[in-house]
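Hi there,

Here is the structure I promised to pass on to you. Have a look at it first, and then read on for what turned up in it.

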Amino acid sequence: MQDQNLKNVTETAVNLLSKSPNPRLNEIMAKLIQHLHTFASEVKLTEDEWMKGLEFLAAVGKIGLSEFIMLSDAIGLSKVVNIMNHPPLEGITESNFTGPYYRDEAPLLTSPFKIYSGCEEEGEQVLFSGQVMAPEGKPIAGALIELWQTAPNGLYDCVDDTQPDYNFRGQLYTDEQGRYQFQTLKPANYRFPSAGPVGQMLVALDRHTWHAAHIHFKVSADGYEHLVTQLFFKGDPYIKSDVVFAVRESLIINLQKHDSPEEAAQHNVKNPFHTAHYDFVLKPKC
């Protein structure tokens, strides 16, 4: 039996744990082992620190996948993976990561495409519109748009028992000219839950836990690659220091405030209200 040392224990682990019939799995496991062993050596990881790390991962796992997604988001891994898989292309709407709060099977909206129920007294109404198009400017009719956001209290429906199920979520199709519109309330910036292990990690690192206000979009159409992205709002105090590094310059939009009772009456909203506009450009499939 070979004597164990820092070099050959890594070589032995890689050799024994990268023999599956799946070459990609072998590649990933070999690099993971090598980098983990190198990390432990470089920081001279103590046994107490090693155990605390395992306990931290166990606490994340106890909560579930959503907490692991938060961890990935908070350390910038989600952004790295997103950029590698969806590199920015000129003329194409930039991608962004999904986050932990996406839910499928959101209700299909009908005109006037209001994505919330109640809460009018808590927030400012926003009329959102735009178009989905190809890079050459051709409108994409029948594109499916899924959207989700926080309520004005900074909480998603899935973590807030006071909201109706699927509140501030919905699906809609673009019209013949690729246009879409919906009515919502201005989303709030919000904090990662500080009681969970990821929140506690950020506090220990003296990192604020605020996520800039945003709306999530998932846009799909036949013949085009699916787009998942987020839109942020100019002037948000956390635009430059978003806790999960999500903000991209091309995804920051303006909210136009309207203070006109006549305009508000025309749109059947309270005065004052806001409008926002954004055109999505999809990448054709190869």
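Let's begin with a definition: the axis of a helix is a line fitted to its C-alpha atoms, over the stretch in contact. Please keep in mind that this is a predicted model.

Two packed helices are described by the angle between their axes and the distance between the axes. Here, helix α4 (residues 65–74) packs against helix α6 (residues 197–204) at an angle of about 25 degrees, and their axes are 9 Å apart. Angles under 35 degrees count as roughly parallel, so α4 is roughly parallel to α6. On the α4 side, the contact is made by Glu67, Met70, Leu71 and Ala74, while α6 brings in Pro197, Val198, Met201 and Leu202. Sorted by kind, the residues of this contact are seven nonpolar, one charged and no polar.

Next, the sheet. Five strands form an open sheet with mixed pairing, and their order is β3-β2-β7-β8-β9. The edges are taken by β3 (169–173) and β9 (252–253); each has a single partner strand, so one side of each is left without a neighbour in the sheet. Strand β2 (residues 144–148) runs antiparallel to β3, and five bridges join the two. You can find Leu147 opposite Gly170 in β3.

Finally, a loop residue: is Thr110 buried or exposed? Thr110 lies in the loop between α5 (77–85) and β1 (125–133). Its relative accessibility is 61%, so Thr110 counts as exposed. From Thr110 to Ile33 there are 77 residues in sequence, and 51 Å in space from C-alpha to C-alpha.

Enjoy exploring!

Notes
Residues are numbered from 1 along each chain as its sequence is written. This is a predicted model: local features need pLDDT of at least 70, side-chain atom pairs count only at pLDDT 80 or more; totals for chains, interfaces and linings use all residues. Side-chain values use heavy atoms; hydrogens and water are left out. Axes are lines fitted to C-alpha atoms, for helices over the stretch in contact, and angles run from 0 to 180 degrees between N-to-C directions. Helices (H or I, at least four residues) and strands (E, at least two) are DSSP runs, numbered from the N terminus. Angles under 35 degrees count as roughly parallel, over 145 as roughly antiparallel, 65 to 115 as roughly perpendicular and the rest as oblique. Contact means heavy atoms within 4.5 Å. Ala, Val, Leu, Ile, Met, Phe, Trp, Tyr, Cys and Pro count as nonpolar, Asp, Glu, Lys and Arg as charged, and the others, Gly among them, as polar. Buried means under 20% relative accessible area, exposed over 50%, partly exposed in between (1.4 Å probe, protein chains only). Two strands pair if DSSP finds at least two bridges between them.
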